[in-house]
Amino acid sequence: MNNSVITISGNLVSDAKPGLTSSNVPFTKLRVASTERKRSPQGSWEDGETTYIDVVCWRRLSEGASTLKKGQRVIAFGRLRANNWTKADGTKVYDYEIDADDVASSVFFTKKEGSDLSALGNESW
(Lines give C-alpha, C1' and ligand atoms only; values in the text may rest on other atoms or scores of the structure.)
Protein backbone atom coordinates (compact mmCIF):
# COMPACT_ATOMS: atom_id res chain seq x y z
CA MET A 1 0.00 0.00 0.00
CA ASN A 2 1.33 3.43 -0.96
CA ASN A 3 1.26 6.01 1.83
CA SER A 4 2.81 8.90 -0.11
CA VAL A 5 0.52 11.81 0.77
CA ILE A 6 0.37 14.79 -1.57
CA THR A 7 -1.48 18.10 -1.72
CA ILE A 8 -1.82 20.04 -4.96
CA SER A 9 -3.58 23.17 -6.04
CA GLY A 10 -4.37 24.17 -9.57
CA ASN A 11 -7.08 24.74 -12.15
CA LEU A 12 -9.39 22.11 -13.57
CA VAL A 13 -8.59 21.34 -17.21
CA SER A 14 -12.15 20.10 -17.86
CA ASP A 15 -15.46 19.60 -16.07
CA ALA A 16 -15.53 16.81 -13.48
CA LYS A 17 -16.23 13.39 -14.99
CA PRO A 18 -18.48 11.29 -12.73
CA GLY A 19 -18.97 7.56 -13.24
CA LEU A 20 -19.69 4.19 -11.65
CA THR A 21 -17.45 1.14 -11.33
CA SER A 22 -18.73 -2.25 -12.46
CA SER A 23 -19.80 -2.85 -8.83
CA ASN A 24 -21.75 0.47 -8.73
CA VAL A 25 -19.23 2.42 -6.64
CA PRO A 26 -19.47 6.12 -7.56
CA PHE A 27 -16.30 7.98 -8.56
CA THR A 28 -15.42 11.31 -10.12
CA LYS A 29 -12.24 12.02 -12.09
CA LEU A 30 -10.66 15.46 -12.15
CA ARG A 31 -7.69 16.67 -14.22
CA VAL A 32 -5.74 19.44 -12.48
CA ALA A 33 -3.14 21.72 -14.07
CA SER A 34 -0.66 23.21 -11.61
CA THR A 35 1.80 25.82 -12.86
CA GLU A 36 4.89 26.76 -10.92
CA ARG A 37 5.29 30.52 -10.35
CA LYS A 38 8.69 32.09 -9.70
CA ARG A 39 10.27 35.50 -9.61
CA SER A 40 12.47 36.61 -12.49
CA PRO A 41 15.79 38.36 -11.78
CA GLN A 42 13.90 41.60 -12.56
CA GLY A 43 11.41 40.85 -9.77
CA SER A 44 8.33 40.09 -11.87
CA TRP A 45 6.38 36.83 -11.59
CA GLU A 46 6.81 34.28 -14.39
CA ASP A 47 5.08 30.99 -15.16
CA GLY A 48 7.21 27.86 -14.97
CA GLU A 49 6.31 24.40 -16.21
CA THR A 50 2.76 23.11 -15.91
CA THR A 51 2.16 19.70 -14.34
CA TYR A 52 -1.05 17.82 -15.12
CA ILE A 53 -2.31 15.25 -12.64
CA ASP A 54 -5.48 13.19 -12.38
CA VAL A 55 -7.44 13.15 -9.13
CA VAL A 56 -9.94 10.38 -8.37
CA CYS A 57 -12.71 10.96 -5.81
CA TRP A 58 -14.66 8.00 -4.44
CA ARG A 59 -18.09 7.44 -2.91
CA ARG A 60 -19.42 10.42 -0.93
CA LEU A 61 -16.54 12.68 -1.98
CA SER A 62 -17.50 11.91 -5.58
CA GLU A 63 -20.90 13.60 -5.14
CA GLY A 64 -19.47 17.00 -4.26
CA ALA A 65 -16.56 16.74 -6.70
CA SER A 66 -18.93 16.03 -9.59
CA THR A 67 -20.15 19.66 -9.44
CA LEU A 68 -16.71 21.16 -10.18
CA LYS A 69 -16.25 22.94 -13.51
CA LYS A 70 -13.43 23.63 -15.98
CA GLY A 71 -11.22 26.54 -14.94
CA GLN A 72 -12.18 26.33 -11.26
CA ARG A 73 -9.24 26.51 -8.86
CA VAL A 74 -9.10 23.54 -6.49
CA ILE A 75 -6.99 22.00 -3.75
CA ALA A 76 -6.72 18.20 -3.66
CA PHE A 77 -5.28 16.09 -0.85
CA GLY A 78 -4.70 12.33 -0.94
CA ARG A 79 -2.39 9.43 -1.66
CA LEU A 80 -0.20 9.39 -4.74
CA ARG A 81 -0.78 6.26 -6.80
CA ALA A 82 1.49 5.11 -9.62
CA ASN A 83 0.01 3.27 -12.59
CA ASN A 84 2.23 1.74 -15.24
CA TRP A 85 1.52 -0.51 -18.18
CA THR A 86 2.88 -1.52 -21.55
CA LYS A 87 1.10 -0.42 -24.72
CA ALA A 88 0.51 -2.79 -27.63
CA ASP A 89 3.58 -1.36 -29.42
CA GLY A 90 5.79 -2.23 -26.40
CA THR A 91 6.07 1.34 -25.09
CA LYS A 92 6.04 1.56 -21.29
CA VAL A 93 3.65 4.16 -19.88
CA TYR A 94 3.96 5.66 -16.39
CA ASP A 95 1.09 7.64 -14.95
CA TYR A 96 0.39 9.12 -11.54
CA GLU A 97 -2.88 10.08 -9.93
CA ILE A 98 -4.12 11.16 -6.55
CA ASP A 99 -6.58 8.93 -4.73
CA ALA A 100 -8.32 11.86 -3.02
CA ASP A 101 -9.16 12.12 0.65
CA ASP A 102 -10.58 15.61 0.12
CA VAL A 103 -11.04 18.20 -2.63
CA ALA A 104 -12.09 21.83 -2.15
CA SER A 105 -12.49 25.05 -4.09
CA SER A 106 -9.56 27.40 -3.57
CA VAL A 107 -10.33 31.03 -2.75
CA PHE A 108 -6.69 32.14 -2.73
CA PHE A 109 -7.03 34.24 -5.88
CA THR A 110 -10.61 35.32 -5.25
CA LYS A 111 -10.87 39.06 -4.78
CA LYS A 112 -13.90 40.50 -3.09
CA GLU A 113 -15.28 43.44 -5.02
CA GLY A 114 -14.06 46.71 -3.52
CA SER A 115 -11.35 45.08 -1.37
CA ASP A 116 -7.74 46.22 -1.42
CA LEU A 117 -5.26 43.76 0.11
CA SER A 118 -2.32 46.08 -0.54
CA ALA A 119 -3.20 47.82 2.72
CA LEU A 120 -2.01 44.66 4.49
CA GLY A 121 1.54 45.40 3.32
CA ASN A 122 2.19 42.40 1.06
CA GLU A 123 1.37 43.15 -2.57
CA SER A 124 2.93 39.86 -3.70
CA TRP A 125 -0.05 37.81 -2.49
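Predicted model: local features only at pLDDT ≥ 70, side-chain atom pairs only at ≥ 80, totals over all residues.
Biologist: Is Thr28 buried or exposed?

Modeller: Thr28 lies in strand β3, which covers residues 26-39. A residue counts as buried when its relative accessible area is under 20%. Because Thr28 has a relative accessible area of 0%, the residue is classed as buried.

Biologist: Which residue stands opposite Thr28, given that β3 is paired with strand β2?

Modeller: Strand β2, residues 17-20, runs antiparallel to β3 and is joined to β3 by four bridges. Across this pairing, the residue that stands opposite Thr28 in β3 is Pro18.

Biologist: With which side chain does the side chain of Thr28 make a polar contact?

Modeller: Leaving aside neighbours within four places in sequence, Thr28 is in contact with several residues, among them Ala16, Val55, Cys57, Ser62 and Ala65. For one of these, the side chains make a polar contact with Thr28 at 2.7 Å, and that partner is Ser62.

Biologist: What distance separates the C-alpha atoms of Thr28 and Gly64?

Modeller: Along the chain, Thr28 and Gly64 are 36 residues apart.

Biologist: How many bridges join β3 to strand β4?

Modeller: Strand β4 covers residues 45-58 and runs antiparallel to β3, and within this pairing Ser34 stands opposite Thr51. The hairpin of β3 and β4 has five residues between the strands, and Gly43 takes a positive phi near 95 degrees there. The number of bridges joining β3 to β4 is twelve.

Biologist: Which residue takes a positive phi near 60 degrees in the hairpin of β2 and β3?

Modeller: This hairpin has five residues between the strands, and the two strands that it connects run antiparallel. The residue with the positive phi near 60 degrees is Asn24.

Biologist: Which residue in β3 is the bridge partner of Leu12?

Modeller: Strand β1, residues 5-12, also runs antiparallel to β3, and two bridges join these strands. In β3, the bridge partner of Leu12 is Val32.

Biologist: Turning to Glu97, is that residue buried or exposed, and which side chain makes a polar contact with its side chain?

Modeller: Glu97 is found in strand β6, residues 92-105, and because its relative accessibility is 8%, Glu97 counts as buried. Leaving aside neighbours within four places in sequence, its contacts include Ile53, Asp54, Val56, Leu80 and Arg81. The polar contact between side chains, at 2.2 Å, is with Arg81.

Key:
Residues numbered from 1 in each chain as written. Heavy atoms only, no water. Buried < 20%, exposed > 50% of the residue type's maximum accessible area, 1.4 Å probe, protein only. Contact = heavy atoms within 4.5 Å. Polar contact = N/O pair within 3.5 Å; in protein donor to acceptor, adjacent residues only side chain to side chain. Pairing = 2+ DSSP bridges.
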